[in-house]
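I open this entry to record what I looked up in the model, beginning with the ligand and going on to the domains and the core.

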Amino acid sequence: MTETAPLSETDERALMASIDRWLEKKVAPVAARLEQADEYPAELVADMCEMGLMGALIDPKYGGLGLPAVTYAKIVARISEEWMSLTGVFNSHLMMALIVQKFGTEAQKDHWLPLFATGALRGGVALTEPDAGTDLQAIRATARRVGDRYVINGAKMWITNAIEGDVLAVLAKTDPQAQPRHRGISLFIVQTREPAAGGDVQGVTRGRRLPKLGYRGVDTGEIAFSDCAVDADLALIGGEEGMGFVMATGGLELGRVNVAARGVGIARRALKEAVAYAQIRHTMGKPIAQHQAIQLKLGEMASKTRAAELLVEDAARAYDRGGRVDMEAGMAKWFATETAFEVATEAMRIHGAYGYSKEFPIERLYRDAPLLMIGEGTNEMQRIIIARQLIARNPV
Ligand SMILES: Cc1cc2nc3c(=O)[nH]c(=O)nc-3n(C[C@H](O)[C@H](O)[C@H](O)COP(=O)(O)OP(=O)(O)OC[C@H]3O[C@@H](n4cnc5c(N)ncnc54)[C@H](O)[C@@H]3O)c2cc1C
C-alpha cells in the first residue's frame, strides 16, 4: 500500500471552511425536518456530488480529490456534528470505490472510478444478508460463470444506498463448496440502475427501505438479484475468483476509521450542547453547571471525546502511512463509538426533559449513536480483532 501525503494546513483549513459554510447555510436549516420525516436529502446529495465528496478518497487521475484519511476523517466528524446520515451517503459509496481502486484491474479502474468520483454512479457495499452479518462467510448469494458473464442470485439486506443508489459491490459465492469457505467468495461491481434510462437493470428487485431507530433520511434497504447477468471483465473485482472476502474485510479498515469519526462528531455535538445548556438552566438558584454532579459528567464527557478524537487521528495517520491498520482502526472504532453513545446519553440527562424533546438535537444524537456500535463490524468483534493483532504483533 502506498503512502498518502498530508494536505498543507492552509489547504485543509480552506476545505474545512467550505464544509462549514455549507453545513451552516444548507444543512442546519433542514436536517431536523428531513430526519424526522425520514426523507432522502436529494438536494444535499447533489451538493455533496458538486463539492467532490463522492470522490474524496479517489485518486485525482480518475477525477477524485485524493484526500488523505486524516483530512477525510475530519470532514466526516464535522458533518456528523450537524447530521450523521449525510456521511452514510458518501462513506458507503467510497468504501465501494476504494475496493475498486485498491484491488481492481486497470480496465475496471478506468471504467468505474471516473463515474464514482463525480457521483454519476452512486452506490455502496452489499455484504450483509438476512442470515449473515458478522459471519460473512455464511452468505448464500451466488455468482455462476456463464461464458463471458456472471449470473448473480441472492438477497442482500441492511444495505445503505441500496434503494437510491445505482451500483453496489456485491459479495457472492463463486464456489459454494470451497473449504475454507472464504476461498469460494468473490466480490462484484453490479450496476443496479441505468441512471440515464431511470430503470432497474434486469434481474434486480429493490425491496423495502427499512424503518430505523436513527440514521434516518439515508436509505438502508433490501435488494435481490435473480439471474442478474454482469460482464465478467468489468464486474469481478481484480479478475480473480476467491478474493472477495479479503477485499471486503480489507476495505472495512478505512470504513472503521470513518465510523469512528462519525462517533467523534456525535460526541462533540452532544458535549457542546450539554456545556451550553448547563450554563443557562438554573436549579437551586444557580446554573446547573455549578453543581458538582453535572461537573463530574462534563469532565468525563470532555476527556473521553478528546481521547476519541486522538485515537481517530492516530488510526487515520497510520492508514495514510500505508500498511495494515486493523488494530488502530479497531481501537478508534470501538472507543469513539462507545464514547458517542455515552456522551449522547449523559447530554440527554443533563438536558432533563428537554433532552427527550424532538425540538432539541440531543434525542437525535442519542438515536444515531447505537448504529455506530453495530456497523462496519460490531464492537464485540472490534475488541476481538484488537486482541488478535496485539498477540500477532507481540509473539513470545
Ligand atoms: C443502519 C444500518 C446500515 C447498514 N449498512 C450496511 C451496508 O451498507 N452494507 C452491508 O453489507 N451491511 C450493512 N449493515 C449491516 C451491518 O454490517 C451488520 O448489521 C453487522 O455486520 C452485524 O451483523 P448482524 O446484524 O447480522 O448481527 P450478528 O452477526 O447476527 O450478530 C449478533 C450479535 O452477536 C455478536 N457476535 C456475532 N458473532 C460473534 C462472535 N464470533 N464473537 C462474539 N460476538 C459475536 C455480534 O457482535 C452481535 O452483538 C447495516 C446495518 C445497519 C443497522
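How do the residues of the shell around the ligand divide into nonpolar, polar and charged? I note that the model is predicted. I found nine nonpolar, nine polar and three charged residues in this shell.

I then listed the shell itself. The ligand is surrounded by 21 residues, and the closest are Leu 127, Gly 133, Thr 134, Thr 378 and Glu 380. At least two shell residues come from each of β1 (123-126), β3 (149-160), α11 (362-374) and α12 (379-393).

Next I turned to the domains. The assignment for the protein chain gives domain 1 (9-118), domain 2 (123-241) and domain 3 (246-393). Because domain 2 and domain 3 both give residues to the shell, the ligand lies between them.

I also looked up how domain 1 meets domain 2. Their C-alpha centres are 22 Å apart. Domain 1 brings 23 residues to the contact and domain 2 brings 20 residues. On the domain 1 side, α2 (31-37), α5 (85-103) and α6 (106-118) are the elements that give two or more residues. Of these, α5 gives the most, with ten residues. I recorded this side as twelve nonpolar, eight polar and three charged residues.

Last, I examined the largest nonpolar core, which holds 119 residues. Those that touch the most other members are Ile 152, Leu 171, Phe 188, Val 257, Val 312, Ala 315 and Ala 344. Helix α8 (residues 244-280) supplies the largest share of this core, 17 residues.

Terms used. Residues are numbered from 1 along each chain as its sequence is written. This is a predicted model: local features need pLDDT of at least 70, side-chain atom pairs count only at pLDDT 80 or more; totals for chains, interfaces and linings use all residues. A nonpolar core is a set of buried Ala, Val, Leu, Ile, Met, Phe, Trp, Tyr and Cys residues joined through C-beta atoms within 7 Å. A residue is buried if 20 or more other C-beta atoms lie within 10 Å of its own, exposed if 12 or fewer, and partly exposed in between; C-beta atoms are placed from the backbone. Helices (H or I, at least four residues) and strands (E, at least two) are DSSP runs, numbered from the N terminus. A residue is near a molecule or strand if its C-beta atom, placed from the backbone, lies within 6 Å of it. Ala, Val, Leu, Ile, Met, Phe, Trp, Tyr, Cys and Pro count as nonpolar, Asp, Glu, Lys and Arg as charged, and the others, Gly among them, as polar. Domain bounds come from an automatic or database domain assignment. Two residues are in contact if their C-beta atoms, placed from the backbone, lie within 7 Å.
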